[in-house]
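Thanks for making time this morning; I would like to walk you through the side-chain contacts in one model, starting with the rings and then moving to the charges and the surface. Please have a look at the sequence and the structure before I go on.

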Amino acid sequence: MSNLTRWNPISEFEDLLDRYNRHFGFPATRGEGEGRDLFRRSDWAPAVDIRETPEAFEIQAELPGINKEDVKVTVHDGVLTLQGERQKQEVSGEGKTHRVERVYGSFIRRFTLPDNVSENDINATFKDGVLSLSLRKVEPAQPRSIEVQVE
């Protein structure tokens, strides 16, 4: 289970610094889209719980205020990717906003799958702002010995 997530402390520090700068109205340490590659975090990251049962790994991601259509789940080369976007809702009419604490924008989370997970047997459900994934375990392929004929 320890290889299910990738952690990059430098990237996490850069994202923390960018969030800090945005919060206080300072320019970001890097421009929009600049220096962002596929393995960096996005504007925000949903909280995720990962459980292991004898049959499967269970992942639950909190995605409040996000529509099912705005979430994409993909698997490619042993990496499970959750991505989407929380749209900021414009408030029209009179009145003023005193505080905005919720984070809006795109998110992406990636998890490296263990060898005993079947990429073809992943089920996803979305209910009440929680994305639930079930990743079925399979028996790892056993190494087989091949007899070498000497001539």
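Predicted model: local features only at pLDDT ≥ 70, side-chain atom pairs only at ≥ 80, totals over all residues.

When the whole structure is searched, 1 aromatic pair turns up, where rings of Phe, Tyr and Trp (its six-membered ring) pair if their centres lie within 6.5 Å, and planes under 30 degrees apart count as stacked, over 60 as edge-to-face and the rest as tilted. The partners are Trp44 and Phe107, in a tilted arrangement with 5.1 Å from centre to centre and 55 degrees between the planes. This pair links distant parts of the chain, 63 residues apart, with Trp44 in the loop between H1 and strand S1 (48-52) and Phe107 in strand S5 (residues 105-112); helices (H or I, at least four residues) and strands (E, at least two) are DSSP runs, numbered from the N terminus.

Residues are numbered from 1 along each chain as its sequence is written, and side-chain values use heavy atoms, with hydrogens and water left out.

Are Trp44 and Phe107 buried or exposed? Both are buried, and here buried means under 20% relative accessible area, exposed over 50%, and partly exposed in between (1.4 Å probe, protein chains only). Over the face of Trp44 lies Arg86, 4.2 Å from the ring centre; for this, NZ of Lys or CZ of Arg must be within 6 Å of the ring centre and within 35 degrees of the ring normal. Lys137 lies over the face of Phe57 at 5.0 Å from the ring centre.

Lys137 also forms a salt bridge with Glu52, the closest N and O atoms being 2.5 Å apart, the term meaning a side-chain nitrogen of Lys or Arg within 4 Å of a carboxyl oxygen of Asp or Glu. Because Glu52 lies in strand S1 and Lys137 in strand S7 (residues 130-137), the pair ties together parts that are 85 residues apart in sequence. Glu52 is partly exposed, at 43% relative accessibility.

The search of the whole structure finds 2 salt bridges, and Arg99 and Glu101 also meet in one, at 2.8 Å from N to O. Arg99 is exposed at 64% relative accessibility, and Glu101 is exposed at 60%.

Finally, Leu16, in helix H1 (residues 9-23), is partly exposed, with a relative accessible area of 48%.
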